[in-house]
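Please keep the sequence and the 3D view open as you go through them.

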Amino acid sequence: MEISGIRTDRLGLLIDQFDRAREMAEVRLRGLGNEEYLWEPVPDCWSIRRRAEAVTPRAFGPGEWVLDRGAPDIPANEYEEVARQAAGGMSVAKIAEDWSVSVERVEEILRFTGPPVPDAAPVTTIAWRLGHLHFCFAGTWEWTFGERRREPMSLVDFTPSAAAAVEGFWTLMDRWRSSVAALTDDQLDTVGLSQYPYGSDPDEPFVSVLWGSNLEFIHHMAEIALLRDLWQARST
């Protein structure tokens, strides 16, 4: 359905949302320099680092530079998602596998009845946020539209160059949008169209995966925009 040039079908709405978010993100990323890209506003930030200088236990990447990654756990703000997965029929073992935690940890969370206490999440750099997005979208593309065999953590060669990181990311997002735009209604409704191995993608219709991908893009780009504002105001 189309009204005055505005698509109201499911795919059209999601693509339009992505396009508008991307337009804003491109503006906010213009002029990003290396010092700002790697700026750590507080001690113990997560960022990208040379492999020999990694400070987190599961930092990853195929080259010299790796993306910080901490010990596996489920943050408090995801407890409701865990409960939703269990209520939808996902086994405790599968939930534990997806989150890389123990079955006992999942069972503990499912028994939890009070309001979740916010975790002390690490502050991250722009380099980390952009690298995380690149890794997520590269992996989802590979396991949806690609050969579905390459390890997602090996797909992105992280770089200390802001210009190279931004250019590589937008190249990937061009490919992502082109592939998504060609989807049919049947494919949107196909459970397991994405076989991305980290998360619940194989158990969801792809329209749900696509909605989640848009949300991931929007909220991380908003965080990058805030970090850029803080960089500009740092002297005051």
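Is Thr56 buried or exposed, judged by its relative accessibility?

1. The model is a predicted one, and in it Thr56 has a relative accessibility of 11%. Because buried means under 20% relative accessible area, Thr56 counts as buried.

2. Thr56 is found in the loop that runs between β3 (48–50) and β4 (65–67). Its side chain makes a polar contact with the side chain of Asp68 at 2.7 Å, and the side chain of Thr56 also reaches the backbone nitrogen of Arg69 at 3.0 Å. When neighbours within four places in sequence are left aside, Thr56 is in contact with Trp46, Asp68, Arg69 and Gly70.

3. Met153 lies in the loop between α6 (126–142) and α7 (162–181), and with 18% relative accessibility Met153 counts as buried.

4. The C-alpha atom of Met153 is separated by 7.7 Å from that of Gly139, although these two residues are 14 residues apart along the chain.

5. How many of the 17 residues of α6 are buried? The count is 17 of the 17, so α6 is largely enclosed by the rest of the structure.

6. The length of α6 can be checked as well: at 1.5 Å a residue its 17 residues should span 24 Å, and the C-alpha atoms at its ends are 24 Å apart, which agrees.

Definitions and conventions. Residues numbered from 1 in each chain as written. Predicted model: local features only at pLDDT ≥ 70, side-chain atom pairs only at ≥ 80, totals over all residues. Heavy atoms only, no water. Helix = DSSP H or I, 4+ residues; strand = E, 2+ residues; numbered from the N terminus. Buried < 20%, exposed > 50% of the residue type's maximum accessible area, 1.4 Å probe, protein only. Expected span 1.5 Å × (residues − 1). Polar contact = N/O pair within 3.5 Å; in protein donor to acceptor, adjacent residues only side chain to side chain. Contact = heavy atoms within 4.5 Å.
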